Amino acid sequence: MSGAERAPLVLGTAGHIDHGKTALVGALTGRQTDRLPEERARGISIALGYASMVLPGGRRLSVIDVPGHERFVRTMVAGASGIDLFLLCVAADDGVMPQTREHLAVLRQLGVAHGVVAVTKADLGEPELAAEEVSELVPGIETVPVSALDGTGLEDLRSALDRVADRLPGRAASGDGGGPARLHVDRSFTLRGIGTVVTGTLWSGELRPGDPVTVLPRALAARVRSVQVHDEPVEVGRAGQRVALNLAGVGWRELGRGDVVSGPGSVLRATYLIDVRAALEPGAAPLPRGSRVHVHHGTREAPARVVPLEGDELRAAGGGYVQLRLEAPLVPAAGDRVILRRVAPPDTVGGGVVVDPAPRKHAGRPEVVARLQALERGDPVHDPPAEPRARPQRLGADEPSLDDAALRLAVLLRSDGRTPRTDAELAAAVELAPRDVATRLSRLARAGQAVRVGANLHFSPDALEELRAAVIALCERDGQVTIASVRDELDTSRKYAQAVLEHLDATRVTVRRGDAHVLRRRGRTSSPA
Ligand SMILES: Nc1nc2c(ncn2[C@@H]2O[C@H](COP(=O)(O)OP(=O)(O)O)[C@@H](O)[C@H]2O)c(=O)[nH]1
Ligand SMILES: [Mg+2]
């Protein structure tokens, strides 16, 4: 079968900041994936970038370009989940760096085993040393020296990608792609005259115009109005393709990254408990019972407590079953991968395979472990009797879960982006008393899903992080910023410019000098490079 007839693949970039990922994607695809003004101003990627290319053999590749900065690893994980192969970029003049290792850990834990290493910026130095470092880290991987600047090595890189792609069937042709449709949303927006659009990789199944769908975790009912693949309308979107869906019956502000569109016949549902077979990265410190981690699944993440089911702690050697008690819902299926990141200091410490996406709350009794083993073997299981009520399993400072009202607030904040409505307007939107909204907002803040800014505003963490990066970019360019310059450059209003600047002063990113704000210098590492 020729490449053109074979199932399409999704490729994700990986690698440390400034190692030439975006430039290389540009050279390979002709597409500049840094689109935001502040991405261009600072020359760093903040959001996920999308492009596509056709390999020499005819195979279609969708390309997801991820940010390399350590503050945006969560965005990288969202971009990497669902990819078929990676393109790891290591700069010839810099070699293996912290996010080279962390991105490799993420890929390993996601089970993305195939890819190519590009030793980038080969024009700047001897690529051999960097290639050697990489081969110690990923033995046997194909390594190609390239320069996006002068075009050296691009043909070799295309051929190397072709060889790796040749060994990959793609989701549509493998067992993974069957069953009901599911798509993990990475973007939602509205187009004039068209309405709500969501994009993402179709992990399984097919979607056609007219299909009824459910958007999880909130179980919103919608209907597919049209399907696009690579900017062309199609009669059917297939597993493994990056698709854009025009949805009827749901507003784009109700949707966002992390949501899951599930098709007819799907049994997916939102859960606050998952049992996984977990593995820690070599050298990672053990996770004792009750450790708090961030769990990443699909394009979504949730804080959780770890309850080891085999012994008192999860150790790097051997791994084991754990129950993850989530503070916000995820929408996993059995067999899916999750990533475990430490909260502070943030780092990828491990991952796991979902064994039971809808378990009961339980501790590590022998019959619980036996049941999980049976589930993994595909044996029939009998549900164990419920845990004795007299001894409820409490975990010290267990956070209350986020209820539906809290999730709706998180969705509103996410969709409001850089110009969130006030706490009072949020209360009116969800029809709750201001006091009840305040409780939920502080729970969201503790769960890392909202950030309080000033007396009466909350931002979604992603939007605030983008604003922070943008303000730092302006400070670096102009030496200082004012409320007026932030308002004009970031195309926002005085109210938001002032709130954000006060927040950045309070969090010691900037410091006020009269009407101006300047970067507070605490050594290079404290401000994102
Ligand atoms: N000399 C040289 N510079 C490069 C090359 N590729 C990228 N750069 C520069 O390295 C910097 C970071 O590149 P970028 O693609 O944004 O890195 P990313 O953070 O990994 O996406 C930019 O200033 C690029 O112009 C290359 O092949 N040769
Ligand atoms: Mg980049």
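This report describes the cavities, the strand pairing and some backbone features of a predicted model.

The model is predicted, with local features taken at pLDDT of at least 70, side-chain atom pairs only at pLDDT 80 or more, and totals for chains, interfaces and linings from all residues. Residues are numbered from 1 along each chain as its sequence is written, chains are lettered from A and ligands numbered from 1 in the order in which they are written, and side-chain values use heavy atoms, with hydrogens and water left out.

## Cavities

The structure holds 3 cavities of 30 Å³ or more. On a 1 Å grid over the protein atoms alone, a cavity is a set of points where a 1.4 Å probe fits but cannot get out, and its lining residues have an atom within 4 Å of a point. Grid points are joined across faces, edges and corners, and a volume is the space filled by probe spheres set on the points.

The largest cavity has a volume of about 380 Å³. Its lining comprises 25 residues, and Arg74, Arg257, Glu301, Arg414 and Gln449 lie nearest the centre. Two or more lining residues come from each of helix H3 (73-80), strand E18 (292-297), strand E19 (300-308), helix H8 (404-416) and helix H11 (461-478). Helices (H or I, at least four residues) and strands (E, at least two) are DSSP runs numbered from the N terminus.

The second largest cavity has a volume of about 50 Å³. Among the residues that line this second cavity are His184, Asp186, Trp203 and Arg242. H3, strand E7 (182-191) and strand E8 (195-204) each give two or more residues to that lining. The table sets out both linings by class, where Ala, Val, Leu, Ile, Met, Phe, Trp, Tyr, Cys and Pro count as nonpolar, Asp, Glu, Lys and Arg as charged, and the others, Gly among them, as polar.

| Cavity | Nonpolar | Polar | Charged |
|---|---|---|---|
| Largest cavity | 9 nonpolar residues | 8 polar residues | 8 charged residues |
| Second largest cavity | 3 nonpolar residues | 5 polar residues | 2 charged residues |

Two strands pair if DSSP finds at least two bridges between them.

E2 and strand E3 (residues 60-65) run antiparallel and are joined by 6 bridges. Val54 has Arg60 of E3 as its bridge partner, and Ala51 stands opposite Val63 in E3. These two strands form a hairpin with 5 residues between them, and Gly58 in the turn has a positive phi of about 100°. E3 also pairs with E1, in the parallel sense and over 4 bridges; here Leu9 stands opposite Leu61 in E3. Of the 6 residues of E3, 5 are buried, that is, under 20% relative accessible area with a 1.4 Å probe and protein chains only.

## Strand E21 and its partners

Strand E21 (residues 320-330) is mostly covered, with 11 of its 11 residues buried. Strand E16 (residues 271-280) pairs with E21 in the antiparallel sense over 7 bridges, and Asp275 has Gln323 of E21 as its bridge partner. E19 also runs antiparallel to E21, and 5 bridges join them; Arg305 stands opposite Arg325 in E21.

## Backbone features

The peptide bond from Leu216 to Pro217 is cis, with omega near 10°. Pro217 is in the loop between strand E10 (212-216) and strand E11 (220-229). Ala219 is also in the loop between E10 and E11, and its phi is near 60°, a positive value in a residue other than glycine. Another cis peptide bond joins Ala344 and Pro345, with omega about -10°; Pro345 is in the loop between strand E22 (337-342) and strand E23 (347-356).

How values were computed: On a 1 Å grid over the protein atoms alone, a cavity is a set of points where a 1.4 Å probe fits but cannot get out, and a pocket is an open set with protein on both sides within 12 Å along at least five of seven lines; lining residues have an atom within 4 Å of a point. Buried means under 20% relative accessible area, exposed over 50%, partly exposed in between (1.4 Å probe, protein chains only).
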